[in-house]
Amino acid sequence: MAAANPAKTLQDELTCPICLEYFKDPVSLDCDHSFCRACITQCWEGFDTDVSCPQCREIFPQRNLRLNRQLRNIVEAARDLRLQTAKEPEPERLCEKHKEPLKLFCKEDEIPICLVCDRSKEHRDHTVIPAEEAAEEFKEKIQAHLQTLREEREKLLGCKVSVETRSQEYLRKTLTKRQKIVSEFQQLRQFLEEQERLLLVQLAELNEEIVKIQNENITKLSEEISHLSELISEMEGKCQKPTSEFLQDVRSTLGRCEKGKFQKPEEISPELEERISGFSQKTIALLETVRKFKDTLPSALETKRVNMTLDPDTVHPQLVLSEDWKSVRWEETWQDLPDNPERFDTEPCVLGCEGFTSGRHCWEVELGCGGGWFVGVARESVRRKGQISPEEGIWAVGQWGSHFQALTSPVTPLPLIRAPSRIRVCLDCDRGQVTFIDAGDKAPIFTFPPGSVPGERIRPWLWVLGEGSRLRLCP
């Protein structure tokens, strides 16, 4: 089907989608869409890789701009044609009624008229001015509007570039997240498949050994049953013989009967039974870990990762904050800090600036070496002056000496062989639950069950004591 307006279609094809002007130095992308070189360069400013086409959104791993010479030549020809057409005088329009040139303009009716129309009854009492003068007046008004429209277009172009830039950034982030998710789950699948393979191999070995023992015992039992059957037949025949013949070698016969007593074979050795028990316990522990991970996974996917900072108004005088308020260390010397109501004055701890009353949130804490530490959350109303206890609204895990424990009442020992390098704190305000996870291998450490944390404002809480003790909130 032919285009309704070929001139408009041609103009659209020769217009840059970004600046909406004729192409200047046109370049094409790998998706075959074309733009002014300056426009696409400005649109991609700040991006070295993973750029996209502003028109179809296709993402390219690197910039590849191809000069479109054919399009450039067509644009130049169209521009020359437009200039040539503009120079040619337009044929003078005539009044449809009187066939006279339209030299005048009626201001009341806002239409061009001829000299005969001006003398007619229809326009006799109207204000009439020369057409050239009317054209100048309207050109001035239109020019004023054009200036406003151009300014609005520039604002929208700037907004479009800004939106494209932000979209590219978000697309790059989602691509990175996708790659990380694929990689992490691939590693998880490989780990689970390897564990499954090892367990099945061990189970097959146990099965083979049990079958071997079973076959040996059945063979031994079959041999003894056959031997006893022969002995029984012989003794029954012996008893049927005459007395003189029966008493002959009777002592030997009785000896053979006594030797015929059979000792039942041991079905499974203690060593094998111990191996089976150990395998069962190991399997149950692994499957329980996988089940817990599966149960916590939906919540983890909906958890919001927050960028935490520490509150300098709450820090104990023996704790020193970093300039970015993300790291805290213990020092023996007390700092000269104002004794405001928010500050802890006895326990070496500090609260986070952020507080939460709803939703799921998580953050990670990097652990330093030496001394003691506790990581967790506390009520915003937790006591700041004097000794405090977990019952007053603290939910945390940590290390004191060589012992790992959760701050329950009484404390719960944690079966950790070594301290993790980073701990992830997951706070579910809606369920009133706090979970601690080893951020390195994603192994669960401890969970305060649902309903443990009350429905009030909860803040991160750190406790640091001892030479070399340091905690840092991960960005």
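Glu152 counts as partly exposed, because its relative accessibility of 38% falls between the 20% limit for buried and the 50% limit for exposed residues. This residue belongs to a predicted model of a protein chain with 475 residues. The side chain of Glu152 takes part in a salt bridge with that of Lys155.

**Overall form**

- The protein chain contains eight helices and 22 strands. Its radius of gyration is 45 Å, well over the 23 Å that the globule rule gives for 475 residues, so the chain is more spread out than a compact globule.
- Along the principal axes, the C-alpha atoms fill a box of roughly 170 × 75 × 45 Å.
- How many of the 475 residues, as a percentage, count as buried? The share is 32%.
- Carbon and sulfur atoms account for 54% of the accessible surface of the protein chain, which comes to about 31,300 Å².
- When contacts between residues at least 6 apart in sequence are considered, 58% of them join residues at least 24 apart.

**Charges**

- The protein chain carries 66 positive and 80 negative side chains. The centres of these two sets lie 2 Å apart.
- Side chains of opposite charge can pair when their charged atoms come close.
- The structure holds 21 salt bridges.

**A salt bridge within one helix**

- Lys155 and Glu152 form a salt bridge with an N to O distance of 4.0 Å.
- Why are Lys155 and Glu152 separated by about one helical turn? The reason is that they are three residues apart in helix H5, which covers residues 131-239.
- Lys155 counts as exposed because its relative accessibility is 56%, and the limit for that class is over 50%.

**Salt bridges between strands**

- The side chains of Glu364 and Arg424 meet in a salt bridge at 2.7 Å, N to O. Glu364 is in strand S13 (residues 360-367) and Arg424 is in strand S18 (residues 422-428), so the pair ties together parts that are 60 residues apart in sequence.
- Is Glu364 buried or exposed? Glu364 is buried, because its relative accessible area is 4%, and buried means under 20%.
- A salt bridge of 3.2 Å, N to O, joins the side chains of Arg472 and Glu366. This pair links distant parts of the chain, with Arg472 in strand S22 (residues 470-473) and Glu366 in strand S13, 106 residues apart.
- Arg472 has a relative accessible area of 26% and is partly exposed, while Glu366, at 23% relative accessibility, also counts as partly exposed. Elsewhere, salt bridges that share partners join Arg305, Glu364, Arg422 and Arg424 into one network.

**Backbone positions of note**

- Which form does the peptide bond from Ser409 to Pro410 take? The bond is cis, and its omega is near -5°.
- Pro410 is found in the loop between strand S16 (403-406) and strand S17 (412-413).
- Lys99 has phi near 60°, a positive value in a residue other than glycine. Lys99 lies in the loop between helix H3 (69-87) and strand S6 (104-106), and this residue is exposed, with a relative accessible area of 57%.
- Trp325 is a residue other than glycine with a positive phi, near 60°. The loop between strand S10 (319-321) and strand S11 (327-330) holds Trp325, which is partly exposed, with a relative accessible area of 37%.

- Where is Arg93 placed? Arg93 is in the loop between H3 and S6.
- Arg93 is exposed, because its relative accessible area is 63%, and the limit for that class is over 50%.
- With residues up to four places away in sequence not counted, Arg93 touches Glu100, Pro101 and Leu102.
- Arg93 and Glu230 are 137 residues apart in sequence, and their C-alpha atoms are 136 Å apart in space.

How values were computed: Residues numbered from 1 in each chain as written. Predicted model: local features only at pLDDT ≥ 70, side-chain atom pairs only at ≥ 80, totals over all residues. Heavy atoms only, no water. Helix = DSSP H or I, 4+ residues; strand = E, 2+ residues; numbered from the N terminus. Rg over C-alpha atoms; globule rule 2.2 N^0.38 Å. Buried < 20%, exposed > 50% of the residue type's maximum accessible area, 1.4 Å probe, protein only. Contact = heavy atoms within 4.5 Å. Areas by Shrake-Rupley, 256 points an atom, 1.4 Å probe, with all protein chains shown as cover. Lys, Arg positive; Asp, Glu negative; His and termini not counted. Charge placed at Lys NZ, Arg CZ, Asp CG, Glu CD.
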